[in-house]
Amino acid sequence: MTTVVRPLDAALDLAREVTPELAELADPIDRGTEAPVKAYALIRESGLLSAMIPRERGGLGLDFGDYTVLLAELGAANGAIALGFNMHNVAIGSLFETDGDALGATGVAFRDWVVDEVVDHQRMFASAASEPSTGARLRGISTAYRRDGDDYVLDGHKSFVSLSNVADHYVVTARPADTDTDYEVSHFVVSAGDPGVSFSPEWRGTALSGTSTAQMFLDGTRIPSRRLFLGVEGMSLFKVVREPHWMAAGYLGAYLGLATAVVDFATERLSADERRRSRDTDVQGLGSMVVRLQAARALTLNAARAVADHRSDPSTNALVYAAKHHLGEAAQALAAQSVALVGSAAMAADGPMQRLLREVQFCSIMPAKPADCLDYVGRAQLGANMFDVSNHGW
Ligand SMILES: Cc1cc2nc3c(=O)[nH]c(=O)nc-3n(C[C@H](O)[C@H](O)[C@H](O)COP(=O)(O)OP(=O)(O)OC[C@H]3O[C@@H](n4cnc5c(N)ncnc54)[C@H](O)[C@@H]3O)c2cc1C
């Protein structure tokens, strides 16, 4: 009898081969004594880069629900690296969400090229959307492209690009240079070595240096027309409105992993302290953290499963935004609870909790922001047409 290994189990097995080392690297990378590239080398070697490529094309064949579970596993070990890895999947995760018959020859050729790059050459992709004056919004971006013969030429400035100097290819958003419309946004693949591509020194924030984030500059960057994402021009904004899961919630698993690490930390500290383990208030404090984590996990995985089973359904999208909002609040509340429960040991500079406390704050900064999530959920509840671009902050 042959046993069929579920895609998620195969992916979790691969992840667990690297999570112990990723966990060991989390604090040194945060302190700047180890380079993030070491952790991404583990990710590359693990085979996880092909998580979202179908099995029949040589990938692991995960759907969005499975992917969120995988990312939570990585995020519990090393949140920053999970967030960086997520940008690879934000860049290419939607490739097989489009029906092959609807793609046309150019789209199919583009997809084949990406599969070859990822599966056969372990090349890493990243997503370069955010800009200084618009944040993660697609409307109003300044990065512009123009057609020149068989090429596109791009000029622009991206404010935050994770996997800078790590990824091989960057999926960049741009609008046509010759029109005033801010609805026609397209995605292009720009490679690290393309002419006119440069990066600033890495962003120095209070956390997540493991994402290896920097500004990206495109100065007359010329790319062949076959690097237009899936061969489709002008549809990026409409796509994110109908299918917001990658941009709004791709990294949910990473924050779920961070929230889990917070609860694990408090559990370990209480377990190791005989006196506190038997004190009712401490036990109940930990119980309250577990309840909060379970609720966040249930909503997050429910939303991720809904994407896999009913992608683009209005109720799925409302669930995605609700999960994004709830998880951000829950992760931050759990971190505060952990500090209150564990006490000064939680803030020791050489322990992980002070890092986790800083890292979970970023869930409010990454799109969709809390107010945008509530706006979406409220409008959807009132019956607005959420496929209408004008109802969106994107
Ligand atoms: C560690 C880290 C890694 C990141 N990695 C990536 C990445 O790989 N790829 C990527 O694309 N992004 C990335 N980002 C960017 C992130 O997704 C957000 O875009 C960014 O953090 C938003 O920054 P902000 O809160 O300062 O800006 P915002 O508050 O979003 O504001 C930015 C600008 O947009 C304007 N603005 C905001 N909302 C509106 C509105 N409704 N109407 C009109 N104007 C508006 C503001 O006035 C402001 O000028 C990363 C961020 C961090 C911190």
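Reader: What volume does the largest cavity have?
Author: In this predicted model, the largest cavity has a volume of about 50 Å³. A cavity here is a set of points on a 1 Å grid, over the protein atoms alone, where a 1.4 Å probe fits but cannot get out. Points are joined across faces, edges and corners, and the volume is the space filled by probe spheres set on them.

Reader: And how many cavities of 30 Å³ or more does the structure hold?
Author: The structure holds one.

Reader: Which residues line the largest cavity?
Author: The lining consists of Ala26, Ile29, Asp30, Asn78, Ala80, Leu208, Ser209, Gly210, Arg355 and Glu359. A lining residue has an atom within 4 Å of a point. Two or more lining residues come from helix 1 (7-31) and from helix 12 (353-360). Helix 1 gives the most, with three residues. Helices (H or I, at least four residues) and strands (E, at least two) are DSSP runs, numbered from the N terminus.

Reader: How does the lining split by class?
Author: Four of the residues are nonpolar, three polar and three charged. Ala, Val, Leu, Ile, Met, Phe, Trp, Tyr, Cys and Pro count as nonpolar, Asp, Glu, Lys and Arg as charged, and the others, Gly among them, as polar.

Reader: Where does the largest cavity lie relative to domain 1 and domain 2?
Author: It lies between them, because domain 1 (7-120) and domain 2 (125-234) both give residues to its lining. The assignment also gives domain 3 (243-391); such bounds come from an automatic or database domain assignment.

Reader: Ok, domain 1 and domain 3. How many residues are in contact?
Author: 26 residues of domain 1 are in contact with 28 of domain 3, contact meaning heavy atoms within 4.5 Å. The centres of the two domains, taken over C-alpha atoms, are 21 Å apart.

Reader: What area do they bury between them?
Author: About 2,100 Å², with 63% of it on carbon and sulfur atoms. In domain 1, Phe64, Leu83 and Glu97 lose the most area to domain 3, together 30% of what that side buries. Buried area is the accessible area (1.4 Å probe) that two parts lose on being put together, summed over both.

Reader: How many salt bridges between domain 1 and domain 3?
Author: Four. A salt bridge is a side-chain nitrogen of Lys or Arg within 4 Å of a carboxyl oxygen of Asp or Glu.

Reader: And how many in the structure?
Author: The structure holds 22. One of them joins Arg227 and Asp194, with the closest N and O atoms 3.0 Å apart. Arg227 is in the loop between strand 7 (214-224) and helix 6 (236-242), and Asp194 is in the loop between strand 5 (186-191) and strand 6 (197-199), so the pair ties together parts that are 33 residues apart in sequence.

Reader: Back to Leu208. What is its phi?
Author: Leu208 has a positive phi of about 65 degrees although it is not a glycine. Leu208 sits in the loop between strand 6 and strand 7.

Reader: Which peptide bond is cis, and where is Ala368?
Author: The bond from Pro367 to Ala368 is cis, with omega near -5 degrees. Ala368 is in the loop between helix 12 and helix 13 (370-381).

Reader: How are the residues numbered, and which values need pLDDT?
Author: Residues are numbered from 1 along each chain as its sequence is written, and side-chain values use heavy atoms, leaving out hydrogens and water. Local features need pLDDT of at least 70 and side-chain atom pairs count only at pLDDT 80 or more, while totals for chains, interfaces and linings use all residues.

Notes:
On a 1 Å grid over the protein atoms alone, a cavity is a set of points where a 1.4 Å probe fits but cannot get out, and a pocket is an open set with protein on both sides within 12 Å along at least five of seven lines; lining residues have an atom within 4 Å of a point.
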